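Take them one at a time, and try each before reading its solution.

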Amino acid sequence: MTDLSPTPDQPAAAKTSLLTLSPRTVKRNSAETRFKAYGIGAIAVGLMMLLVLVATIVGRGTGAFQQTFITVNVELLEAKLDKNGERNIEDIKRVTTFGYAPLLKTAMKNTVSELGIETDLKAKHLAGILSKSAVAQLRAYVLANPDQIGQTVEFRFLAQSRVDGYLKGRVSRESIENDKNISPAQLDLVDALVAAGVIEKTFNLDFILGSDASDQRPEAAGMGVSMLGSLFMMLVVLALALPIGVAASIYLEEFAPKNWITDVIEVNIANLAAVPSIVYGILGLAVFINYMHLPMSAPLVGGLVLTLMTLPTIIISTRASLKAVPPSIRDAALGVGASKMQSVFHHVLPLAAPGILTGTIIGLAQALGETAPLLLIGMVGFIASNAPETIGEGLLSPNSAMPAQIYEWAKRADPAFYERAWGGIIILLVFLVTMNTVAVVLRRRFERRW
Amino acid sequence: MNTMNMMDKTLDTQTTKISARDVNVYYGDTHAIKDVNVEIDANTVTAFIGPSGCGKSTFLRCINRMNDTIDVCRVTGDILLDGEDIYDKRVDPVQLRAKVGMVFQKPNPFPKSIYDNVAYGPKIHGLARNKAEMDEIVEKSLRRAAIWEEVKDRLDAPGTGLSGGQQQRLCIARAIATEPEVLLMDEPCSALDPIATAQVEELIDELRTNFSVVIVTHSMQQAARVSQKTAFFHLGNLVEFGPTGQIFTNPDDPRTESYITGRIG
């Protein structure tokens with residue numbers, strides 16, 4: 001009922017003009033303005049922090065993608081490498097990397113004298129500006145091409161990390177006063193070789209695709225093998241967490257009776273999502289390695305642990321997207337005589353799929369960046385592994401993972417590794433940003449209106 | 001509508017299709033339907049009327065066991081379809097719903113093409129052996145739902161892109177595509193404008209030749225226009241059930257009269 005006349009105990013308000021603001025309106029408007037200012041301030045602070053973060057990472061990490069190389073002609077002396085001259089591969093293999101070192105010394109001496117550079121350095125120190133991996137690179141080449149013995153071949157060797165650091169500005173003449181790895185005379189030689197074009201800094205694909213290297217050879221270390229370790233772990237997570245998570249969510253959301261048991265399960269799933277990841281790590285150590293005797297440091301075990309960690313995330317997001325499908329769709333399917341299962345699989349699941357996919361990708365991204373559980377199952381540390389040949393080997397042979405590799409580099413003493421850690425962060429972030437973008441794009445593209 | 005006309009409405013048949021005996025429905029502790037006994041005839045439109053919350057939709061949903069999907073809902077008593085108790089342990093509700101189709105209050109087409117919307121029921125029940133037969137079923141159902149002319153050129157367009165009235169007729173086409181024996185309609189016109197309502201009502205009258213139709217409606221004019229029998233529910237009780245003409249002109253119960261004349265409800 002509408003009562004148009006004012007009630008006696010409420011006297012009619014004084015006539016006001018719309019052109020003047022009442023004190024209440026002024027107060028409300030200023031409160032709104034203040035709140036907007038707080039919001040803009042909060043966003044600005046967040047953006048600034050992001051900017052600082054990205055700038056630091058890019059500033060410190062890009063150096064790792066470039067490496068200093070030295071181009072040298074090496075004469076592959078038959079007398080040193082194949083005394084019998086029979087080109088028998090077994091004989092050639094008998095020569096260790098020690099046998100190759102004199103070749104490098106000679107090659108460096110020849111290079112320097114050909115270029116007419118004056119230096120008092122001995123041949124040993126001339127070769128000292130090369131990476132310790134140079135002899136191994138030389139030997140691998142000879143074993144692969146025995147017919148080249150006796151010829152002079154041009155090689156691009158990595159420079160040792162101090163030389164690389166000198167070119168990148170990390171190492172200076174002052175900072176090497178007490179450094180046994182390099183002398184000022186060697187830096188003079190480097191300057192001369194740079195001027196002659198023998199030493200140059202170029203993009204280093206091996207940082208992205210190569211394997212980790214020992215403490216002595218930071219210049220040779222790469223992310224590639226640990227990237228494969230991460231890939232195999234993600235395969236395990238995807239193969240286990242997606243089907244288990246989706247099946248569990250569908251059962252809980254669509255089929256399970258609503259009683260105290262399902263309530264307890266629901267609360268516990270929510271709690272599991274908040275369990276610190278290190279707890280999953282120690283669980284994996286106790287169950288998968290100590291009890292089930294799965295191999296240590298294997299991506300299979302890492303994947304199993306990360307599956308446990310990702311399951312609650314996938315279940316929660318899947319249940320949320322199943323809940324978001326309007327009940328009228330279920331009614332419609334049941335109304336035409338579809339069974340519960342048909343209604344779920346023909347109608348509800350396709351509508352929930354974008355949400356499920358998004359949740360899964362975000363869960364995977366979370367797992368990809370997880371380090372703590374890997375510490376406990378031994379996927380961290382210098383793992384001298386090469387790229388696996390088969391999927392089985394990839395799952396079972398010891399490996400590291402991208403975040404564990406970064407952690408490992410960051411804790412080594414040589415500052416050259418520190419630079420690689422930042423570079424590794426860039427690679428990891430590229431993966432994470434890509435995955436999150438894919439999730440957003442999928443949601444935008446497949447989200448359907450009803 | 002002319003009162004005399006309604007009195008003249010003859011019932012085509014007296015065969016009982018559905019008979020409910022002492023049906024009680026509980027939602028948890030709430031007693032929603034109390035001792036309802038009703039006989040619904042074949043090839044007849046039966047209207048359920050009554051104020052909001054009186055239990056008419058609940059009773060309708062009992063007829064194809066849609067209430068099974070609600071955990072707290074409990075049904076006692078017998079509902080017989082052609083003499084068989086649909087709440088018998090041996091009855092699979094899925095099989096029942098193939099015989100008793102349903103159209104809902106809000107048009108709820110699947111977010112698929114118009115063709116797929118209609119073809120879904122026949123497909124899961126295996127009613128078509130090949131594409132040609134399916135095309136035939138889809139066309140026939142859309143024609144019977146009086147929407148064929150409007151959509152025949154865009155069967156691949158999404159069903160959700162149609163107007164409200166078209167969507168509801170699509171839902172009717174979908175419900176009749178499985179050749180049910182009974183068609184339940186839960187306020188099918190409440191979301192529609194008067195023109196779409198008129199189209200759907202006309203359709204309901206035609207459907208009577210093939211199906212037994214039960215319709216829940218808030219509009220007494222609609223009940224009077226489309227039904228031959230009317231049941232009046234009030235607070236969970238079936239107050240009065242009889243030929244539509246009699247209910248609207250000469251009700252036995254004072255509550256029915258009060259509701260129809262607008263004094264309660």
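**Exercise 1.** Find which way each residue of strand E8(B) points, and whether each is buried or exposed.

*Solution.* Start with one side: B:Ser212, B:Val214 and B:Val216 point one way from E8(B), while B:Val213 and B:Ile215 point the other way, and all are buried. Buried means that 20 or more other C-beta atoms, placed from the backbone, lie within 10 Å of the residue's own. Strands are DSSP runs of at least two residues (E), helices of at least four (H or I), numbered from the N terminus. Next, since five of the five residues of E8(B), residues 212-216, are buried, the strand is largely enclosed by the rest of the structure.

A word on the model: it is predicted, with local features needing pLDDT of at least 70 and side-chain atom pairs 80 or more, while totals for chains, interfaces and linings use all residues. Residues are numbered from 1 along each chain as its sequence is written, and chains are lettered from A and ligands numbered from 1 in the order written.

**Exercise 2.** Which strands pair with E8(B)?

*Solution.* First, E3(B), residues 45-49, runs parallel to E8(B) and is joined to it by four bridges; pairing takes at least two DSSP bridges. Here B:Val45 has B:Val213 as its bridge partner. Second, E7(B), residues 182-186, pairs with E8(B) in the parallel sense over five bridges. B:Leu184 is partnered by B:Val214.

How values were computed
Buried ≥ 20, exposed ≤ 12 C-beta atoms within 10 Å, placed from the backbone.
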